[in-house]
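Here are my notebook entries from an afternoon with this structure. I wanted to see how the chains meet, then look up one residue in some detail.

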2 protein chains.
Amino acid sequence: MQPSLRPAPVRIVIIGAGFGGLYAARRLAGTTADVTLIDRENHHLFQPLLYQVATAALSSSDIATPIRSVFARFPNIRVVMGEATGIDAVARTVAVRDTGDFPYDILVLATGASTSWFGHDEWAKASIGLKSLEDAETIRRRVLGAFEWAESRRDPVEVDRLMTFVVVGGGPTGVELAGSIAELARSTLARDFRHIKAAEARVILCDAGPRLLASFPEPLSRYAASRLQRLGVELRLNAAVEQVTDDGITAAGERIDSATVLWAAGVAAQPAAAWIGIKPGPHGTLPVAADLSVPGYPEIFAIGDVMTRPGPDGKPLPGLATVAKQQGRYVGALIAGRIRGRQPSSPFRYRDWGSLAIIGRSAAVAEFGRIRLKGTSAWLTWGAVHLTLLMGMRNRAVVYVTWIWSWLTWGRGARLIIGSRYPATTLFRETVGANAAQEH
Amino acid sequence: MQPSLRPAPVRIVIIGAGFGGLYAARRLAGTTADVTLIDRENHHLFQPLLYQVATAALSSSDIATPIRSVFARFPNIRVVMGEATGIDAVARTVAVRDTGDFPYDILVLATGASTSWFGHDEWAKASIGLKSLEDAETIRRRVLGAFEWAESRRDPVEVDRLMTFVVVGGGPTGVELAGSIAELARSTLARDFRHIKAAEARVILCDAGPRLLASFPEPLSRYAASRLQRLGVELRLNAAVEQVTDDGITAAGERIDSATVLWAAGVAAQPAAAWIGIKPGPHGTLPVAADLSVPGYPEIFAIGDVMTRPGPDGKPLPGLATVAKQQGRYVGALIAGRIRGRQPSSPFRYRDWGSLAIIGRSAAVAEFGRIRLKGTSAWLTWGAVHLTLLMGMRNRAVVYVTWIWSWLTWGRGARLIIGSRYPATTLFRETVGANAAQEH
């Protein structure tokens with residue numbers, strides 16, 4: 001390299017390629033900044049459809065985009081696949097496991113949130129969260145495997161436990177999972193088995209609060225509850241979980257035997273606050289200033305699920321993809337302006353486009369300001385919005401084809417159990433034993 | 001159950017739901033037979049496209065069909081997901097691991113073949129075969145992970161080893177894998193990395209024999225070799241492998257350092273011959289009579305890759321999907337006839353529809369009797385034939401969309417590394433160490 005007369009480019013490190021980090025990097029693509037985008041995975045994930053991978057409706061590749069392919073045309077964006085393990089805010093470097101340290105002039109923390117079991121490590125081992133493609137494929141394998149295993153068991157207590165699915169958490173993810181598993185059992189799998197009656201599988205949705213979808217207006221919560229009940233989902237409201245084990249849960253004093261417990265009850269921010277040595281806000285989040293910078297560190301920004309900031313209504317901004325995207329774009333533009341010596345821009349302002357939640361076939365709820373939709377209209381809106389937001393024409397086309405096909409046939413295209421051929425030994429250690437296939 | 005005056009239905013057990021077993025069961029669907037179809041997996045796999053899953057062109061769900069969904073409408077077909085571990089040919093029962101014994105009146109062995117390392121267990125640990133979706137997803141993770149890992153390494157020896165891919169075996173699978181990895185590196189990944197030059201990755205194809213695609217006429221072998229070389233694949237012919245380790249191979253005296261060795265060199269029949277106690281034919285196959293029954297056991301049939309039988313030309317029938325399908329249909333019809341008291345049918349006659357092998361974009365070879373095709377015409381034929389043979393409208397539509405998209409964009413839709421976030425610790429144990437990302 002020969003010495004250059006031009007100033008060295010500003011080094012920007014972005015940790016996390018979820019909605020926040022990806023949109024910040026996109027805004028900086030093609031500028032003079034030298035951007036390093038670090039993520040543990042090689043793909044950006046469209047999380048709103050993750051539950052469809054978990055319940056065999058879509059494939060992992062339908063909702064994921066390789067991060068490198070997004071930025072292939074932009075030489076100023078370098079993608080690093082690795083796990084950030086800490087920040088030295090004085091030396092201004094980010095440590096990446098097994099790779100080394102990356103120096104920055106400006107740092108964007110977009111590390112998101114992970115599943116939280118509220119400190120109960122043993123609950124984490126006995127249930128499955130839904131944050132990554134790996135989680136989703138694990139849920140798919142476990143749910144489909146439970147039916148397979150129930151089919152070849154004879155002990156009625158064991159069969160009942162295998163045919164009982166518990167979802168903890170009545171937010172959008174819990175509602176989506178419970179509705180989707182109930183539809184899988186009652187429609188797709190109903191005719192597939194000869195011994196068990198798949199349609200009689202129990203799906204139980206627990207929440208500690210008094211109603212589902214607490215962030216929506218109450219009439220829409222009531223609608224969601226009644227639609228789930230029509231699908232056969234049993235609701236347990238005001239039922240705080242007291243114990244989670246390999247073979248079931250206890251909630252509000254009631255014991256429920258289940259081989260499959262899915263955990264959609266809590267998230268916590270990734271440990272960025274601890275990295276900087278700042279007192280975290282609720283759920284480990286980083287409180288940020290009006291320009292999304294971390295107080296005391298004008299060169300560090302935090303966006304998306306990792307930050308906390310009051311919204312226009314005074315309540316903290318919700319952990320939604322749209323918040324992260326808008327913040328990513330805002331911070332990207334702010335940094336691009338700063339590089340060109342522009343005055344600081346106006347503070348971040350969240351634009352609320354509304355919220356949507358899906359319950360099942362022809363059943364969803366939507367709230368756009370004063371407009372509230374439910375049923376088929378909300379469901380069609382949900383589909384159109386998600387197809388539009390999905391990244392990449394191929395993914396859009398494949399998801400569209402798959403949805404139309406599923407709607408026509410009630411089928412699910414991704415009903416695969418991969419990577420654990422023997423449910424007896426790998427899926428359900430404790431259930432090997434009493435069997436009498438001789439009776440066949 | 002009240003006693004019935006009708007005779008008990010004939011119990012037919014089919015082991016394996018590959019092309020042979022699946023088509024035998026299909027022929028018997030809706031008859032009076034009581035059919036049990038046993039497979040280790042929950043899905044039927046369209047193996048001819050498996051290499052496209054391994055090289056990130058397709059998703060697992062695009063080429064797999066849940067076995068239960070194929071037979072949902074037919075109450076006389078029971079599907080059992082489990083591993084057959086043995087046969088008692090006197091008591092006429094099949095043992096299934098962790099499930100029990102299944103009695104039969106007629107048994108169809110369609111257990112197929114698995115990858116064979118010719119007895120070298122240590123080679124099996126150091127390389128990856130391609131027989132199941134799990135294999136394909138492992139190859140995909142390892143190949144994509146090797147590029148990711150090379151990008152963050154600085155030791156040139158280590159980078160070279162990570163950027164060298166060895167494929168052992170010059171049959172159709174080896175040719176497909178080598179061509180597809182070379183195209184992945186030179187087209188799809190070429191602009192994605194900043195440190196390594198993905199397009200300079202080495203892909204080396206070894207075969208012990210003097211030419212590729214030995215079952216094709218020699219001009220087509222020559223064409224395949226020259227097309228692979230144009231893609232940048234290095235050929236090593238007459239190069240028998242002498243050693244395979246975690247960090248490379250030795251073939252014909254030459255040492256090749258490589259972090260990724262793919263094994264497409266040999267298959268052996270699953271141990272059905274040992275189960276019955278019969279002296280196996282070549283590669284552990286079961287020799288069968290003209291009606292595909294096992295000599296001495298008129299109630300046991302063997303079809304597909306597990307059997308051996310001379311073809312019309314005197315040579316053993318090839319291990320092709322079409323052979324297995326034709327045999328499955330034949331045995332299904334024979335059994336259906338026997339149940340209705342019909343005379344034994346005529347012997348099995350293989351109808352050779354020709355063979356196809358694909359090398360890369362616009363490059364394939366085809367042989368239909370005296371007609372030989374190569375290049376774009378063979379490639380388009382290959383695509384049309386495989387789309388037609390693929391099972392299920394959804395899979396066909398999705399594969400069609402994906403192929404068109406890939407052709408237009410040179411992209412691959414399934415470039416996902418799932419299930420091993422840290423290549424350092426899980427993919428390449430031995431390569432942790434020297435690194436200098438500080439130089440970034």
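**Entry 1: salt bridges.** I began with charged pairs across the interface of chain A and chain B, and the rule finds 2 salt bridges there. Keep in mind that I am working from a predicted model. I looked up one of the pairs: Arg68(A) forms a salt bridge with Glu148(B), and their closest N and O atoms are 2.6 Å apart.

**Entry 2: who supplies the surface.** Which elements of chain A each supply at least two residues of the side that touches chain B? My list has the strands β4 (64-66), β5 (77-81) and β8 (100-103), together with the helices α3 (67-70), α5 (133-152), α12 (393-409) and α13 (423-427). The largest share comes from α5(A), with 7 residues. Sorting this side of chain A by class, I get 25 nonpolar, 19 polar and 19 charged residues.

**Entry 3: extent of the contact.** I then asked for the totals. Chain A puts 63 residues into the contact, and chain B puts in 63 residues. Between them, the two chains bury about 6000 Å², of which 54% is on carbon and sulfur atoms.

**Entry 4: symmetry.** How is chain A laid on chain B? I found that a turn of 180° with a shift of 0.0 Å along the axis does it, at an RMSD of 0.0 Å. The two copies are thus related as by a two-fold rotation axis. I also checked which C-alpha of chain A is nearest the axis, and it belongs to Val398(A), 2.9 Å away from the axis. One more check was pleasing: 100% of the interface residues of chain A are also interface residues in chain B, so the copies meet through the same surface.

**Entry 5: a look at Glu83(B).** I finished with a single residue. Glu83(B) sits in the loop between β5 (77-81) and β6 (84-88) of chain B. Is Glu83(B) buried or exposed? Its relative accessible area is 14%; the cut-off for buried is under 20%, so I put Glu83(B) down as buried.

Notes:
Residues numbered from 1 in each chain as written. Chains lettered and ligands numbered in written order. Predicted model: local features only at pLDDT ≥ 70, side-chain atom pairs only at ≥ 80, totals over all residues. Heavy atoms only, no water. Contact = heavy atoms within 4.5 Å. Buried area = accessible area lost by both parts, 1.4 Å probe. Salt bridge = Lys/Arg side-chain N within 4 Å of Asp/Glu carboxyl O. Helix = DSSP H or I, 4+ residues; strand = E, 2+ residues; numbered from the N terminus. Nonpolar A, V, L, I, M, F, W, Y, C, P; charged D, E, K, R; others polar. Least-squares fit on C-alpha atoms with pLDDT ≥ 70 in both. Buried < 20%, exposed > 50% of the residue type's maximum accessible area, 1.4 Å probe, protein only.
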